[in-house]
Amino acid sequence: MTMGVAATDVVGSLPQTVAIVVRDATNTFAVAGIDTARLDAQVLLGFVLGTGREVIFGYPERVLTQAERSKFALLVVRRAARQPISQLVGQKEFWGRSFAVTEDVLTPRPDSETLIAAVLDQLGEKCRHQKLEILDVGTGTGCLLLTLLAECPLARGTGVDISAAALEVAKSNARELALDKRIEFIEGHWCASLPAESAFDVVVSNPPYISEQEWRGLSPEVVRYEPRAALVGGADGLEAYRLLAPQIPRVLAPQGFLVIEVGVGQARGVARILAAKGLEVQAFCPDLAGVERVIVASHRDKIGNLKK
Ligand SMILES: C[S@@+](CC[C@H](N)C(=O)[O-])C[C@H]1O[C@@H](n2cnc3c(N)ncnc32)[C@H](O)[C@@H]1O
């Protein structure tokens, strides 16, 4: 057991009510340095009881069964060791849908919903009525590609990832959302494994963009439990953009567009990297915090063709 908390410390012999186990878990999490200690205790107990967090407020006196206590105690130990809630409950909401999450994939982030909004804004009515080919490079859980396929009923998708384990998670999410018939997954290094005749209408990517130094300062939840290869983009965080930029023009249809996520303060630097490879920036899209989070770009000689 990590961080000095054992499941046997959490499961005592006295009858344990909802109120007591939430209080004890809250204290355990606070000692472990978790800012959201009480919320996390409630979420995990709601998960164990199968009721959701809200329902447990109404039943503070409910006594947990032995099985519930044991299951909750194990989750408390793992959370106290700073494993993310998403991995403990095995899922995360993204754009209103639930995606399975494991230690093999990056947990979908709310910031990445900016990318979905940007794609849907560029497509307008085409989203519902046009056959589209969508490519997601570095697909992870598949949250970006699967969301776009769900929103664009005539679209087909290709998801690439270098991690076979991540692709298994993405495939499972595709089946769960009944989108597996419209999607192909390819294990490969960025666009290298895509056929020469590729011509995608929409290319999306949320590549690893954290610098080595930044990564070392991230929370234990990220550093200990999320895949490093999904997060770190070399010494300055821009390595994946340098590798991707020369490959995108080859796979992008003449009238197609790229929507790519960037880290804080990276937008202008990434725009220069894209421009050097013949991609013209059409827009910088801010996330809810006002950070330039997403870049929309197209072939330089096709400026003005977006939304036609
Ligand atoms: C930041 S995560 C994004 C995951 C998902 N698209 C999302 O937005 O939540 C980056 C993804 O790129 C993948 N990746 C890293 N290097 C790669 C490479 N050379 N070729 C293809 N995929 C790569 C990682 O395995 C990871 O799944």
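This is a predicted model: local features need pLDDT of at least 70, side-chain atom pairs count only at pLDDT 80 or more; totals for chains, interfaces and linings use all residues.

Residues are numbered from 1 along each chain as its sequence is written, and side-chain values use heavy atoms, with hydrogens and water left out.

Let me turn to the domains. The assignment divides the protein into domain 1 (7–82) and domain 2 (102–302); such bounds come from an automatic or database domain assignment. Between the C-alpha centres of domain 1 and domain 2 there are 37 Å. Five residues from domain 1 and four residues from domain 2 take part in the contact, where contact means heavy atoms within 4.5 Å. Together the two domains bury about 370 Å², of which 35% is on carbon and sulfur atoms; buried area is the accessible area (1.4 Å probe) that two parts lose on being put together, summed over both. On the domain 1 side, R79, A81 and R82 supply 94% of the area buried against domain 2, more than any other three residues.

I come now to the ligand. Which residues come nearest to the ligand? Of the 17 residues around it, these are G138, D161, H189, W190 and N206; a residue counts as near if one of its heavy atoms lies within 4 Å. A polar backbone atom of G138 is 2.9 Å from a nitrogen atom of the ligand, and a backbone N or O atom of W190 is 2.8 Å from a ligand nitrogen atom. N206 places a polar side-chain atom 2.9 Å from an oxygen atom of the ligand. On its own the ligand has 600 Å² of accessible area, and the protein covers 94% of this; the areas come from the Shrake-Rupley method with a 1.4 Å probe.

Two helices, α9 (143–151) and α13 (228–231), each supply at least two residues of the shell around the ligand. Helices here are DSSP runs (H or I, at least four residues), numbered from the N terminus.

Finally, Q247 lies in the loop between α14 (239–244) and α15 (248–251). Leaving aside residues up to four places away in sequence, Q247 touches H189, W190, C191 and A192.

Technical notes:
A polar contact is a pair of N or O atoms within 3.5 Å; within protein, one must be able to donate a hydrogen and the other to accept it, and residues adjacent in sequence count only if both atoms are side-chain atoms.
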